[in-house]
Amino acid sequence: MRIDPIRRGALAGCVLAALTVGALSAQTQEGASTSSGVQESARHNFRVVTVAEGFDHPWAMAWLPNGDMLVTERAGRLRIVRDGRLLPDPVAGVPRVRARGTDGLFDVLPHPEFASNRLIYLSFAKPNADDSEATTAVVRGRFESDRLLDVEEILVAQAWSGGNGHFAGRLVFDRAGFLYVTVGDRLADPDMMAAHPAQSLSNHQGKVLRLHDDGRVPSDNPFVGRADALPEIWSYGHRNMQGLTVHPETGDLWENEHGPRGGDEVNLVQRGRNYGWPVVSYGINYDGSIYTRERRRTEIESPRWSWVPSIAPSGMAFYTGDRFPWWRGSLFVGGLVGEQLARLTLEDERVVGEETLLPGVLGRIRDVRQGPDGFIYLAIDNRSGERMAPVVRLEPAESTVAVP
Ligand SMILES: [Ca+2]
């Protein structure tokens, strides 16, 4: 199937330092076509290539061992891209979600041993019986013949609210096979300060949770056995965490979260720690009022990076592939409001630099992943004036890339 290149109009506003019309990169797989625009950056020049089009607010991407790509759509559909083609029918068996505003179906994550157990995990906004409230929930099911079977709820977070927004819902497995789930603060009022639910261990609002793969609570979680705490909690004091990933070398857990007006954060998530929301923040209220002037406090973890003004960070991935050797070890973060791809460089556990890629070029970027082919995949939330959005990938513009 032929896939149209990124339309030139979508490139308006970007800095195109060079236009190269020529043969596809030798690495380009059959079935993908390339735009002619070469994007320049500090370390690599690259092209944006459309992988598949026609997604309605894609939220997350994942790959199966056979090469299938799974893509969630916010309204509650799980889609399959097979051999470069978006299959017309969504996967059956996905639970009912509350799809309102920016809420709905969120992440998709295969089990680390998917090849033998065929388990897929989904996070979503789960409505209650009369749809008056919702919370973040996680199911898993067996993926057989393009359907989800034996779907079971393994988490219904204690984060119910009648309001929309701030479900978070990112999922990741660490190297030891523990499942981490981000649950947002559900937009509780920051003026509550120390009484804010994100600062209380008696609920799941504004928490990173750590579970066994079947939803059971690991006995070595930090607050197990405390009467005033829920045992699933791994870290607290978060706001709305939209990116979650594991460092490829250290195995550490990294997340990003939306601040209020200003104060988006990248955090290294550590066991039992408090990340400060809302008592310590770089941000202010959307209306310009101030709820805290505290930027740091010794007992609270400071962000490893922050954005003022906000870019509204989204999916996030460390790059480890061979396609872009100079980008190995960089942390890529999508921007929604910021309509960009941030490349953060690290030294040990510190973020030491940021490069902004694709500013205003592709629209709102919802998810960022490294594909099994070593290309960097982006799920575009939407583009101005268009209802459907693509999944694209970045490919090196040069057929041979110097190795650092
Ligand atoms: Ca914080």
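Which residues touch the most other members of the largest nonpolar core? Here are a few notes on that and on two other spots.

1. This is a predicted model, in which local features need pLDDT of at least 70, side-chain atom pairs count only at pLDDT 80 or more, and totals for chains, interfaces and linings use all residues. Residues are numbered from 1 along each chain as its sequence is written.

2. The largest nonpolar core has 94 residues, and Leu122, Tyr180, Val181, Phe332, Val368, Leu378 and Val391 touch the most other members. Strand 3 (residues 46-55) gives the most to this core, namely 6 residues. Such a core is a set of buried Ala, Val, Leu, Ile, Met, Phe, Trp, Tyr and Cys residues joined through C-beta atoms within 7 Å; strands are DSSP runs of E, at least two residues long, numbered from the N terminus.

3. Leu378 touches Gly334, Leu341, Leu362, Ile365, Val368 and Val392, leaving out residues up to four places away in sequence. Contact is taken as C-beta atoms, placed from the backbone, within 7 Å.

4. An open antiparallel sheet runs in the order 12-13-14-15, with strand 12 (168-173) and strand 15 (233-235) at its edges. Pairing requires at least two DSSP bridges between two strands.

5. Do have a look at Tyr319, in the loop between strand 20 (313-318) and strand 21 (331-335). Tyr319 counts as buried because it has 20 C-beta neighbours inside 10 Å; the cut-off for buried is 20 or more other C-beta atoms within 10 Å. Among the residues Tyr319 touches are Phe324, Trp327, Phe332 and Ile376.

Key. Buried ≥ 20, exposed ≤ 12 C-beta atoms within 10 Å, placed from the backbone. Helix = DSSP H or I, 4+ residues; strand = E, 2+ residues; numbered from the N terminus. Contact = placed C-beta atoms within 7 Å.
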